[in-house]
Amino acid sequence: MTNNAIGYVFKTAGYKVISNVEGNNMETGILSTLMKNCSLTGKIKADYLVFEVDESYIPVVFKDLKLDTLLILNFFRDQLDRNGEVETLILRINEFLKTYTGNLVLNSDDPNVSRLAKANPKNENIYYYSVEKYEFATKKIREAGEGKFCPFCNTKLEYEYYQYSHIGKFKCPNCGYGENKIYKLATNVDLKNRSFEIDNFTYTTNFNSIYNIYNFTAVIACVSLYNIDRNIIKRALSTFKLNNGRLEELEIKGNKTIINLAKNPTGANVSLRILNEDDDEKELLFVLNDNLADGHDVSWIWDINFDELKNVTRIITSGTRAYDIAIRIKTAGFDSNRILPYLNLNEAVDELYSTNSKKYVIANYTALQPTRKEIMSE
Amino acid sequence: MKELKILYLYPDILELYGDFGNIQVLKYRLEKRNIKCIIDQYTIGDNEPHFCDYDLVFAGGGADQEQSILAKDLVNYKNNIKKAIDNGVFFLLICGAYQLFGKYYKDVNGNIIPGLEVFDYYTEAINDRKKRCIGNIVIDVTLNDTTTKVIGFENHGGQTFNISTPFGNVLYGNGNKFGDTHEGFFLNNVIGTYLHGPLLSKNPELADYIIKHCLDRKYNENIILESLDDKFENLCRDQLLNQFLTPHN
């Protein structure tokens, strides 16, 4: 979504933008996006190229396209059986950055991201962004996270607070790693009104999670490097929406329905935070598949925090692993009589809309579009 | 009210694959039976735990780099851990923890991380970082003379050798090594296994075996565990066993 939002800001400012907005972030996806936008002679006419890039293609994309800014948001465990450990991936990016001298925009609050500033000490174009402590920040980590040890001296990192997962204010008690000069800092985060401030200027969005506040702060950091007027940024962010099942809001049979993708624990925990910060009574549908593109391993559902679900009356589960997720939720203490597993998605969605209440829907990668389609046909 | 004391080792580090799920399942199954479940945690920087005071010690798996950091911490307690095992404290060790209780772990770069040497098995990573035993796995396990199928997921580069008493026979998946017939290690009150993450969630029989073993020892009686509603677990097992063990065209 961050990729789409950056492109949207440039477009709002009147520029022509080429971007892989569908999220096809491998080399072929980027190539086909370029092909679609070039003339018969192979010339590309655009003011800005904005790409979401799979980490393994960063070196090739930067070399071939001569891009001048790299934004790194965060590292979360995701499909470990397919992608391997997070550390391996970070080291790969670190290797590329050793010779990179372009703009590097980094999340200061993720210890695994901000460490990348040191890959090339000669690069002076480092821009950190951060978000001030928000009201649901915690003293202890609530959700599975990655940054535990200082990447430079292996000492256990100390956190003043956690915003979500391992994102928060950290410091190494031994070598002091963690103190950064912040380029863009979001303050006065107000999730109810979906607003925050940067440089004493208020922005409003259509999203209400801390995860998205971080993403929008990253967006503002990036586009500010291209001198986009902040009134234009403000206008763009207030109208930016996604309609592909990523925090999408629909009205189905008179029931407000919020659909979100969750392909890893952090995604699911972000959705559950939004659910728990909503005081209304609601029902939850969780659709979990274990197809190749999802990763066959569903162990990650045990890293989802299902404790103390607020005002949830029933939970319906579906997908190829409907029973696994039902066991998970039951073990967290939710009354098993109010958990209804259906392997068949159509039956699950029918069950969901057999009552009138607000609905939250969480689906993983291959489950998302079938679920969305099933819901839209209700 | 009866109680069971669990020591959870390095919960903040050995938690790569939702290993916390095992603790949650044990707690759930104890509390449903009105047995108090006490969970103490130990991690780097805490005071040395009194291993012998516990009924069950649990440790999971972590990322390679983090595992080598904590290995140095864990060896400090080598003697006390051995004593606890001799005293009959139950140890459930998953993935990385399973490896650490052996002689050593040789990583991809050839570095040797010394283990606790409690048991004489040892683990060597395959040179090719990309080659790992990854996938769903089903093994036949004998618990109190009854054979049961244990379902899980394995994801390990390390190949474990010199196992005299395996945890189970592989029906589907790899096991201790690529294409092995054996999985894990099982000797009296110690289970070490590559079935990572929430192993106990899909295997209530195994969970109850461990609970009963611990309670019988603690209270010196033959405790009959009240049966629980395992509807979801049974549906899940039927679905997965059918999927993995039935030949499909």
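Predicted model: local features only at pLDDT ≥ 70, side-chain atom pairs only at ≥ 80, totals over all residues.

Modeller: One term to begin with: buried means under 20% relative accessible area, exposed means over 50%, and partly exposed lies in between, with a 1.4 Å probe and protein chains only. By that cut-off, 58% of the 249 residues in chain B are buried.

Colleague: How many helices and strands does chain B have?
Modeller: Chain B has six helices and 14 strands. Those are DSSP runs, numbered from the N terminus: H or I of at least four residues for helices, E of at least two for strands.

Colleague: Why call chain B as compact as a globular protein of that length?
Modeller: Because its radius of gyration is 17 Å, close to the 18 Å that the globule rule gives for 249 residues. That radius is taken over C-alpha atoms, and the rule is 2.2 Å times the number of residues to the power 0.38. The C-alpha trace of chain B spans about 55 × 50 × 30 Å along its principal axes.

Colleague: And its charges?
Modeller: Chain B carries 25 positive and 33 negative side chains, with the centres of the two sets 1 Å apart. Lys and Arg count as positive, Asp and Glu as negative; His and the chain ends are not counted. Each charge is placed at NZ of Lys, CZ of Arg, CG of Asp or CD of Glu.

Colleague: On to chain A. What's its secondary structure?
Modeller: Chain A comes to 12 helices and 16 strands. Its radius of gyration is 21 Å, close to the 21 Å from the globule rule for 378 residues, so chain A is as compact as a globular protein of that length. Buried residues make up 57% of the 378.

Colleague: Is helix 1 of chain A enclosed or open?
Modeller: Largely enclosed by the rest of the structure, because eight of its 11 residues are buried. Among them are Ile6(A), Val9(A) and Phe10(A).

Colleague: What do those buried residues pack against?
Modeller: The partners are strands 1, 2 and 3 plus helices 7 and 8 of chain A. Just after helix 1, Gly14(A) takes a positive phi of about 95°.

Colleague: New topic. How do strands 9 and 10 of chain A run?
Modeller: Antiparallel, joined by four bridges. Two strands pair if DSSP finds at least two bridges between them. Phe196(A) has Tyr203(A) as its bridge partner. The hairpin has two residues between the strands, and Asp199(A) takes a positive phi near 50° there.

Colleague: Which side chains of strand 10 are buried?
Modeller: Phe201(A) and Tyr203(A), which point to one face.

Colleague: Last one. Where is Arg273(A)?
Modeller: In helix 9 of chain A, residues 265-276. Arg273(A) counts as buried, at 10% relative accessibility.

Colleague: What does Arg273(A) touch?
Modeller: Leaving out residues up to four places away in sequence, Arg273(A) touches Tyr134(A), Phe136(A), Arg142(A), Glu143(A), Gln163(A) and Tyr164(A). Contact means heavy atoms within 4.5 Å.

Methods: Residues numbered from 1 in each chain as written. Chains lettered and ligands numbered in written order. Heavy atoms only, no water.
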